There are 2 protein chains.
Amino acid sequence: MSMMDEVLENRLIGRIAKSFQPPPHRLNRIHEADAEIIDLGEGSDTYLAVTTDALAEEVSSGLYDDPHLIGWMLATANFSDLAAVGADPVGLLITVTYSSRQDEAFIGRLAEGISDACRELKTFVLGGDTNEGKELHLSGCAIGLVPKDRTMSRIGARPGDRLYLSGPAGLGNVFAFLRLTGSGLQLPGMSYRPAARVAEGRLIRRLAGCAMDTSDGVIHTVDTLMRLNQCRFILNDTWENTVHPVALEVCRSQGLPPWLTLAGVHGEFELCFTLDPQREKELLEQAAAAGWVPRLIGEVAEGDGVFIKTAEGIIPLDSGHIRNLSAQAGSDQKGYINQLLDYARKFGR
Amino acid sequence: MSMMDEVLENRLIGRIAKSFQPPPHRLNRIHEADAEIIDLGEGSDTYLAVTTDALAEEVSSGLYDDPHLIGWMLATANFSDLAAVGADPVGLLITVTYSSRQDEAFIGRLAEGISDACRELKTFVLGGDTNEGKELHLSGCAIGLVPKDRTMSRIGARPGDRLYLSGPAGLGNVFAFLRLTGSGLQLPGMSYRPAARVAEGRLIRRLAGCAMDTSDGVIHTVDTLMRLNQCRFILNDTWENTVHPVALEVCRSQGLPPWLTLAGVHGEFELCFTLDPQREKELLEQAAAAGWVPRLIGEVAEGDGVFIKTAEGIIPLDSGHIRNLSAQAGSDQKGYINQLLDYARKFGR
């Protein structure tokens, strides 16, 4: 079993994918990039970047019930995968399967959510397909272009690299915690509309070693990068820097350890990327010129595993176990949260 | 209300689409092509063709229950839309949402169905997304390229044109009739695996006036072309030429009028296209060289509406009514078939 196959979700993907012949014009192998990078041949001076993402559990579990948020997240999840390979969006295709429980007003607001997310990124819905079915179900397919000499994938981390996030994380898991535990609480002082980091992806595509979005949570992302690159990933415990202030506020009020906001599978859409220290000055200068502040959250070292660096030393985190809790819990979201909290207690912080 | 909006399904699509800004780089307007034609700019010497199609009702109604057929139809439906704009496939993206009712063997056979359909067309699955949900749900997104001087769309029929099909039609509706009426009968002597007409689309893209696939049935397709091109479409009643011999055999054994195999919404994936008579010789020569026999099924004239040309004269067919029967019936497939048969009796043939 490969290191990637220790994660249950990857085993299912692998089982489906083994029926498919690897496309000779696809630059990445399976799991190796957030979006597929396709060589269109000599007639094109860019690669095509394509990705597809469906919203199923997030809707059926009630995590997203506001139609505007559902539409927004559909577009954002897809464009975020383009951002992680440094692609410039060409547009989005959508399929909407609605049931008799969604009225015209609901479908209209959902379309506005998709449209607003596209407008924010200066891109477009190219087309779509509508169907009637038993359950609301949505899928998207985002298409982009990336210069042939500037592609970025999940591969390319090296020991000695710095580990960065495009912005503070943790809001996705805190939003899910508040929604799914039935607390009735909202995120204090904000509505949850995370943005795909397309501009940041474009800026780092010449500089980063590897990149991946945090759509399934930061720990999930770092665990994947660790397995693919066969390096050790060490996170700093400076949570005020890594975790969004609103997420930290909820942690304080709910008595949750801050790193748990990175451990759940409900991510946001920051980019997690590695950087050769020799390129750090150039990145920070370009970021500053663009009004963007990347967050240094850790480092890459020889070895394997995910660790947390604290004042007391470097502590190993069983990130494979944390990821598998979600797959094993299935639709039992409350059970999943309790198991995460159990692990946090054993982990002792 | 526009002529397109007289059809209920189009009104819903229009309502969703009005939230979306028309993409400046999309060559077609909504409804005007089976796949979206996107200008990638001067860096590319081809247009991108993209389309998305979900399988929802076909699975939840039980029309498709064999996992290999489900996978095959997902790929075929998407590539057929590429064929109708004359595009060369680059590949397919898929989303698979499975429930606890699908086991690993089912998912494996489904993947094989997708893979077999791709292999038949010498193309590939580029990537995908898997999710767990309450119902089995599939969507696909096919991507292709089309030379800039050879695009084809649903627009371009002119009075005087000949009306062609890439091959005999009617198998889709006969398959659905046998499955959904619970007769337990199979298509005699064959298993149902319609193919996307990619090679034929490539051949006609320089020659055809307009083209559209018959995925929702021939009458639906002809009705759409009639509304978009504002011409009269006249079908010949030489059903031995237009309707597949196996479909004719089922019609005889079940006492159904042959034209009804063109009227239901369960189409196959032939291309329906118009042709300037001056280009007929060239088309037929090229088709013969490729071992392909296009079927002449009618003609285009001044006026509007869909008609059937019989020995007794030219009879109008209320194709808008026929199309709306499906939307009004919703998931009541038996009621839908009975209403189609009612119309056939009123229509007197």
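**Terms and the values behind them**

Mentor: A:Ser61 is located in the loop that lies between helix 2 and helix 3 of chain A. Helices (H or I, at least four residues) and strands (E, at least two) are DSSP runs, numbered from the N terminus. This is a predicted model, in which local features need pLDDT of at least 70 and side-chain atom pairs count only at pLDDT 80 or more, while totals for chains, interfaces and linings use all residues. Residues are numbered from 1 along each chain as its sequence is written, and chains are lettered from A and ligands numbered from 1 in the order in which they are written.

Trainee: Why is A:Ser61 called partly exposed?

Mentor: A residue is buried if 20 or more other C-beta atoms, placed from the backbone, lie within 10 Å of its own, exposed if 12 or fewer, and partly exposed in between. A:Ser61 has 17 other C-beta atoms within 10 Å, so it is partly exposed. As for its place in the chain, A:Ser61 and A:Ala344 are 283 residues apart in sequence and 24 Å apart in space, C-alpha to C-alpha.

Trainee: What makes strand 2 of chain B count as mostly covered?

Mentor: Of the 10 residues in strand 2 (46–55) of chain B, 10 are buried. For chain A as a whole, buried residues make up 54% of the 349 residues.

Trainee: Which strands of chain B does strand 11 of chain B join, and in what sense?

Mentor: Strand 11 (residues 306–310) of chain B runs parallel to strand 8 (residues 232–236) of chain B, with four bridges, and antiparallel to strand 12 (residues 313–317) of chain B, with five bridges. B:Val306 takes part in both pairings: it is the bridge partner of B:Phe233 and stands opposite B:Leu317 in strand 12. Strand 11 and strand 12 of chain B are joined by a hairpin through two residues.

Trainee: What makes the radius of gyration of chain A agree with that of a compact globule?

Mentor: The radius is taken over C-alpha atoms, and the globule rule is 2.2 Å times the number of residues to the power 0.38. For 349 residues the rule gives a value near 20 Å, and chain A has 20 Å, so the two agree. The C-alpha trace of chain A spans about 55 × 55 × 45 Å along its principal axes, and chain A holds 13 helices and 12 strands.

Trainee: Why are the two copies said to be related as by a two-fold rotation axis?

Mentor: Copies are superposed by least squares on the C-alpha atoms of residues with pLDDT of at least 70 in both. A rotation of 180° with 0.0 Å of shift along its axis superposes chain A on chain B, at an RMSD of 0.0 Å. The two copies are thus related as by a two-fold rotation axis. In chain A, the C-alpha of A:Ser44 is the nearest to that axis, at 2.2 Å.

Trainee: How do you know that the copies meet through the same surface?

Mentor: Because 100% of the interface residues of chain A are also interface residues in chain B, the copies meet through the same surface. Between them, 54 residues of chain A are in contact with 54 residues of chain B. Strand 4 of chain A gives the largest share of the chain A side, eight residues.

Notes. Two residues are in contact if their C-beta atoms, placed from the backbone, lie within 7 Å. Two strands pair if DSSP finds at least two bridges between them.
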